[in-house]
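I opened a new notebook page for this chain today. Here is what I looked up, entry by entry.

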Amino acid sequence: MDPLSLVPHVAIFPFPAQGHVNSMLKLAQLLSLSNFNITFLVTVDTHDRLLNHTDILSRFGRGFRLQALPHGIFMDEMNTRDGISMLYDSLNAIAKPFLREFIANSPLTCVIADGILSMVNDVAEEINLPIIYFRTVSACSFWSYFCIPELIQGGELPLKENAMDLALMKVKGMEGFLRGRDLPSFCRASHLISSDIRILMTETRQTPRARGLILNTFEDLEAPILSQIRTVCPNVYTIGAVHAHLKVRLATKSTSSNSLWKEDENCMCWLDTQPPKSVMYVSFGSIAGLTREELLEFWYGLVNSEQKFLWVIRPDLVIGVDTQF
């Protein structure tokens, strides 16, 4: 008998965006170091990028499998208004039936799914397979999203223009510090009906269906909010900071990159010559898009600050333009 068949086998399914994939790969590596078998489910594009730009296969070993989902999942316009909605529709149409067959034919112990992918829970429930959610945001962020219906019912959403600095009172445990400006831009009056807030609210409210919730935080940092979350999700596991735990387990000062993009290290020589804490780091992540006018406005602001800065610009950062710098 193959010894690998005697250890727990976990399927991990992240939302297909850089920050989610990165965090859940770190979780996967921690589980691998504890002798779990891991199947990591990603889109074809993410699969190819990880193989081309990282050492993921050699780093994890034979108990790790990188499994590509079928072709056709829509990811071309994630930085547009309707891009996320189109991605969700294609995940339900393509990934969900694949996942149903995959789970039915795999000797899995459980599934750890991104907490905004309730479609995975739908499939797991069909065969009574335990599922645990992993949320890549903070406990405070998760809880504020969970309470969006209460904010709407209490008249605090949609946000009005003059309410950006007003305290929001309908998120229990955060009455003393949560302000309108702390919520995402799609919570403002003109964006409340957007697909982003509908998806975020609907998916977050599905969380109690799972057997447990993993958060990348720790008790001393967000204890009051964690106690609120446990009123609706009793089995909350605070395992953060995941990257710090991984460094300890690997006995190293750094961890390997999980970047979906080819890394340009030409800036490192210049950065090494700068005094500590003297350079601003600017990045808009893997999804956000800017118009050309918005990018220039940020550029002028950074230049006029007269502070040294390092700005990471994706090729697709400017909407409708193939940006090359």
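**Entry 1: helix H8**

I began with helix H8 (residues 195-205), where Ser 195, Ile 197, Ile 199, Leu 200, Glu 203 and Thr 204 are buried. For me, buried means under 20% relative accessible area, exposed means over 50%, and partly exposed is in between (1.4 Å probe, protein chains only). Helices (H or I, at least four residues) and strands (E, at least two) are DSSP runs, numbered from the N terminus.

What do the buried residues of H8 pack against? I found helix H4 (83-104), H5, S5, H6 and helix H7 (148-153). Contact here means heavy atoms within 4.5 Å.

Before going on, I noted the ground rules. This is a predicted model, in which local features need pLDDT of at least 70 and side-chain atom pairs count only at pLDDT 80 or more, while totals for chains, interfaces and linings use all residues. Residues are numbered from 1 along each chain as its sequence is written, and side-chain values use heavy atoms, with hydrogens and water left out.

**Entry 2: the sheet**

Next I looked at the open sheet: 7 strands in the order S3-S2-S1-S4-S5-S6-S7, with parallel pairing. Strand S3 (64-68) and S7 are the edge strands, and each pairs on one side only. On average, neighbouring strands of this sheet are turned by 20 degrees against each other, direction ignored. Two strands pair if DSSP finds at least two bridges between them. As a reminder to myself, strands of a sheet pair through backbone hydrogen bonds, either parallel or antiparallel.

**Entry 3: strand S5 and its partners**

Is strand S5 (residues 131-135) mostly covered or mostly exposed? I found it mostly covered, with 4 of its 5 residues buried. Strand S4 (residues 110-114) pairs with S5 in the parallel sense over 4 bridges. I followed two of the partners: Val 111 is bridged to Ile 131 in S5, and Asp 114 stands opposite Phe 134 in S5.

S5 is also joined to strand S6 (residues 212-215) by 4 bridges, and these two run parallel.

**Entry 4: helix H5**

S4, helix H5 (residues 118-126) and S5 make a right-handed β-α-β unit. A crossover is right-handed if, with the strands pointing away from the viewer, the path from the first strand over the helix to the second runs clockwise. H5 lies across S1, S4 and S5, running at about 170 degrees to S5. Axes are lines fitted to C-alpha atoms, for helices over the stretch in contact, and angles run from 0 to 180 degrees between N-to-C directions.

Which residues of H5 are buried? They are Ser 118, Met 119, Val 120, Asn 121, Val 123 and Ala 124. Their cover includes strand S1 (9-13), H4, S4, S5 and H8.

Just after H5, Asn 128 takes a positive phi of about 60 degrees. Asn 128 sits in the loop between H5 and S5, and it counts as exposed because its relative accessibility is 59%.

**Entry 5: H6 against H9**

Helix H6 (residues 139-146) and helix H9 (residues 219-229) pack at an angle of about 40 degrees, with their axes 9 Å apart. In this contact, Ala 139, Cys 140, Phe 142 and Trp 143 of H6 meet Glu 222, Ile 225, Leu 226, Gln 228 and Ile 229 of H9. I sorted the contact residues into 7 nonpolar, 1 polar and 1 charged. Ala, Val, Leu, Ile, Met, Phe, Trp, Tyr, Cys and Pro count as nonpolar, Asp, Glu, Lys and Arg as charged, and the others, Gly among them, as polar. H9 also lies across S6 and S7, running at about 170 degrees to S7.

**Entry 6: two cis bonds**

The peptide bond from Leu 157 to Pro 158 is cis, with omega near 5 degrees, and Pro 158 lies in the loop between H7 and H8. A cis bond also runs from Gly 240 to Ala 241, with omega near -5 degrees.

**Entry 7: S8 and S9**

Last, I found strand S8 (residues 279-282) joined to S9 by 4 bridges, running parallel. Met 280 has Phe 309 as its bridge partner in S9. The chain crosses from S8 through H12 to S9 in a right-handed β-α-β crossover.
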